[in-house]
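Student: I've just opened this one and could use a guide. Can we go through it together?

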Amino acid sequence: MKRIRIAPPPPSANGRAILKIDAAPDQVRTGRVWVGDWVYDHGFTADAGAVAEMVASELITNALRHGGTAGGVIEIRAFLDLGRRAVVEVLDASDRPPRVLGDDLSGEGGRGLFLVRLAARELAWHPLKGGGKAVWCVLDAERE
Ligand SMILES: Nc1ncnc2c1ncn2[C@@H]1O[C@H](COP(=O)(O)OP(=O)(O)OP(=O)(O)O)[C@@H](O)[C@H]1O
Ligand SMILES: [Mg+2]
């Protein structure tokens with residue numbers, strides 16, 4: 001088991017796009033497609049958009065399953081950092097830290113953040129002032 005670094009997200013070069021979804025399984029798709037489209041629309045390749053969708057899907061599903069958001073709302077943010085890389089941030093209602101479980105492929109769960117870490121340049125989280133937290137990652141892709 002590996003701890004994930006605690007840090008606020010990097011500053012934004014372009015403001016933040018925000019989507020709020022109901023914390024419900026049928027909304028995960030809405031969130032991941034929104035993130036993938038945002039990345040593609042901001043000058044990244046279709047492959048980078050697909051990776052962003054996978055990352056968003058894992059983070060949103062975690063907010064739903066582990067993030068104490070039942071019956072509430074999950075906020076998703078997308079923006080460019082100062083190096084013009086895409087940042088994806090997902091907010092939930094729980095103070096419990098996310099963690100990267102082992103790389104035991106036979107395990108039933110614990111794959112999500114392991115994969116996100118492989119796909120991302122940076123993965124971190126930080127507690128929010130009013131409670132809850134944000135889990136965020138900087139994607140590896142450079143803009144075309
Ligand atoms: N948003 C979160 N809030 C609280 N705990 C989390 C959050 N995200 C992940 N965790 C914790 O970190 C562990 C690892 O997360 P990860 O996404 O890798 O695996 P999983 O969600 O258990 O299974 P999988 O994603 O493979 O279906 C989780 O089992 C959970 O204990
Ligand atoms: Mg998961």
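Predicted model: local features only at pLDDT ≥ 70, side-chain atom pairs only at ≥ 80, totals over all residues.

Student: Which residue of β4 is the bridge partner of I76?

Tutor: β3 covers residues 73-80, and six bridges join it to β4 in an antiparallel run. Within that pairing, I76 has its partner in β4, namely V90.

Student: Which residue in β7 does E89 stand opposite?

Tutor: Here we look at another pairing of β4: six bridges tie it to β7, residues 133-139, again antiparallel. The β7 residue opposite E89 is W136.

Student: How many residues of β4 are buried?

Tutor: Side chains in a regular strand alternate between the two faces of the sheet. On one side of β4, A86, V88, V90 and D92 are buried, and on the other V87, E89 and L91 are too. The strand is therefore largely enclosed by the rest of the structure, and its buried count is seven of seven.

Student: Which element gives the largest share of the shell around ligand 1?

Tutor: There are 19 residues around ligand 1, with N62, P98, G109, R111 and G112 coming nearest. The elements giving two or more residues to that shell are α2 and α3. The largest share, five residues, comes from α2.

Student: At what angle do α2 and α3 pack?

Tutor: Their crossing is left-handed. N62 of α2 and G112 of α3 are among the residues making the contact. The axes of α2 and α3 lie 10 Å apart, and the angle is about 145°.

Conventions
Residues numbered from 1 in each chain as written. Chains lettered and ligands numbered in written order. Near = placed C-beta within 6 Å. Helix = DSSP H or I, 4+ residues; strand = E, 2+ residues; numbered from the N terminus. Axes fitted to C-alpha atoms, helices over the stretch in contact; angles between N-to-C directions. Left-handed = near helix turned anticlockwise from the far one by under 90°. Contact = placed C-beta atoms within 7 Å. Buried ≥ 20, exposed ≤ 12 C-beta atoms within 10 Å, placed from the backbone. Pairing = 2+ DSSP bridges.
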